[in-house]
Amino acid sequence: MNRTTLSLITGVTALAAVTGFAALNPPDTPGGGPVEAAAQLPVERTTLVCPTPSSSDIADTSYTSFTPVTQGASSTGKARLRPATGKPADGDGKDGSKDSEDSKDGDAQNEENKENEKSGDGERAVEPVLEPKEPGSPATGDTSGADAPALIGTAEGKFAPGWTMQQTTEVAVGAGRGLLGITCAAPDTQFWFPGASTASGRSDYVHLTNPDDSAAVVDIELYGKDGPVASDAGEGITIPPYSSEPVLLSTLTDAPQEDLTVQVSVRSGRVGAAVQALDDKLGGDWLTASADPASDLVLPGIPKDATSVRLVVFTPGDTDADLKVQLATPTGLITPAGNATVRVKAGMTTAVDLGAITRGEAGSLVLTPASRPVPVVAALRVVRGEGDKQETAFIPATRPLERRATSADNRAKGSTLSLTAPKAAARVKVTASAGSEGGTPASKTYTIKAGSTQDIAPPVPSGLKGPYALTVERLSGGPVHGARTLEVAAGGVPAFTIQTLPDDRGTVAVPRAEQDLSVLQK
């Protein structure tokens with residue numbers, strides 16, 4: 001192998017392992033034989049952002065960090081979660097993707113931080129609020145009140161593959177009271193949020209967090225039942241470096257809209273984005289982004305005791321979509337009475353009330369083309385309880401769990417794991433970690449039948465002390481989609497939150513060292 005080819009392999013391998021995004025599929029070798037399958041290597045760096053938890057003075061927020069042990073991962077590394085206060089982390093120099101900046105910048109920043117502390121600018125300190133100690137062991141932190149900031153997290157080396165952060169907030173009374181949970185997500189450049197609203201009684205904010213050292217410029221577009229909601233107020237929103245901004249959706253439109261799809265597009269840079277949906281009567285929760293537009297979608301983990309389920313769908317293209325609606329139950333796929341299909345007009349948000357669709361059984365919604373395939377995005381608003389004792393959560397369409405996914409914050413009671421295999425049966429392994437303060441890990445293997453949803457009371461570590469993590473690994477079979485429901489007692493209100501379990505993308509495909517990539521130079 002010549003020097004040029006070796007350099008190419010080295011560069012591609014390093015890029016893929018660091019970013020977690022690169023994958024290389026070279027063509028067949030010149031001799032006609034297929035190229036050996038690429039190796040799966042652990043990613044070496046992960047960035048996550050957590051939005052501002054709450055504007056309530058009585059909010060109590062907990063954070064749980066967990067990295068599953070990954071074969072082949074580095075033996076060294078670090079992870080830290082720190083406030084998005086407009087400054088880079090103390091001692092880190094530049095955050096984000098520019099890891100190799102001159103150390104002089106970091107030294108200068110450290111001096112600036114020290115000067116700020118001396119001058120009384122202590123509220124802008126950037127000391128980490130959480131630093132995990134070892135993969136396989138949860139780390140926790142907590143805060144309270146309305147001043148808790150958004151957080152930016154970075155993990156390197158052994159902490160990077162599959163790093164998961166859960167933010168859970170309890171609010172006893174007021175608009176949006178209840179349990180609000182979110183899995184802190186990686187920054188990106190495009191997001192879709194079907195299920196938002198500016199109706200009377202709703203206060204929905206899209207939270208935008210910039211984890212990098214340069215400003216991000218963002219456009220927010222809204223789509224209602226009649227199409228785009230015209231407004232210039234959502235164009236060219238600047239998010240300063242290492243900062244977070246909440247945008248009240250009602251300020252972007254003149255007329256209230258019951259059902260909205262929010263599109264967040266980043267012109268420059270990247271951001272983390274999530275919608276905090278607060279209802280005066282139905283509590284509140286976080287609405288996270290739908291999976292990328294696709295013709296087949298799965299929305300997993302509808303609680304068996306849901307009293308109201310509302311489907312919100314949007315197609316971003318210029319072609320109408322006809323969708324087949326099915327419910328994956330414990331015994332297989334069924335068609336909900338009166339809702340066999342739904343038609344979604346191009347560029348318009350469509351909402352369908354499905355009522356108490358699960359009727360006491362585990363369920364996941366499966367959307368497939370009724371005619372020709374058209375990409376769509378979708379989410380569910382789920383309500384539990386009756387009268388003035390109701391609470392809300394959201395389930396966006398989620399990508400499949402291809403290899404592994406983790407739910408970081410679980411308690412001795414109140415956690416339900418929901419898994420569905422929409423196409424073919426699958427075997428999965430569920431591992432409960434030790435608790436943050438002690439316990440012995442436990443594992444169990446399950447088989448999910450084709451077309452079914454199974455609600456699992458997950459294994460609990462013996463001698464459990466503190467929150468623990470649940471890691472789901474697909475061992476064989478077809479695609480699996482999952483969600484975790486967390487419930488807490490809240491004075492008669494069925495306080496709950498649901499987080500989907502997309503693949504953690506803890507590994508990345510890279511070419512094997514012995515492969516000759518010289519063919520790519522032609």
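## A tour that starts at a disulfide

Select Cys50 and Cys184 and show their side chains: the torsion about their S-S bond is about 110°, so this disulfide is right-handed. Keep in mind as you look around that this is a predicted model.

Stay with the pair for a moment. The two sulfur atoms sit 2.0 Å apart. Which parts of the chain does the bond tie together? Color strand β2, residues 45–50, and you will find Cys50 in it; then color β8 (178–183) and β9 (190–196), and look in the loop between them for Cys184. The bond therefore links parts that are 134 residues apart in sequence.

Now zoom out and switch to a cartoon view. The protein has two helices and 37 strands. Of its 522 residues, 52% are buried. Among contacts with a separation of 6 or more, 82% join residues 24 or more positions apart. With the surface still on, you are looking at about 21800 Å² of accessible area, and carbon and sulfur atoms account for 48% of that.

For the last stop, color by pLDDT. The average is 87, and 83% of the residues score at least 70. Next, select residues 1–33, where pLDDT stays under 50 and the model has 56 contacts beyond four places in sequence. Then select residues 91–125: pLDDT is below 50 here as well, and this stretch has 41 contacts beyond near neighbours in sequence.

Note on methods. Residues numbered from 1 in each chain as written. Predicted model: local features only at pLDDT ≥ 70, side-chain atom pairs only at ≥ 80, totals over all residues. Heavy atoms only, no water. Helix = DSSP H or I, 4+ residues; strand = E, 2+ residues; numbered from the N terminus. Buried < 20%, exposed > 50% of the residue type's maximum accessible area, 1.4 Å probe, protein only. Contact = heavy atoms within 4.5 Å. Areas by Shrake-Rupley, 256 points an atom, 1.4 Å probe, with all protein chains shown as cover. Disulfide = S-S within 2.5 Å. pLDDT = per-residue confidence, 0-100.
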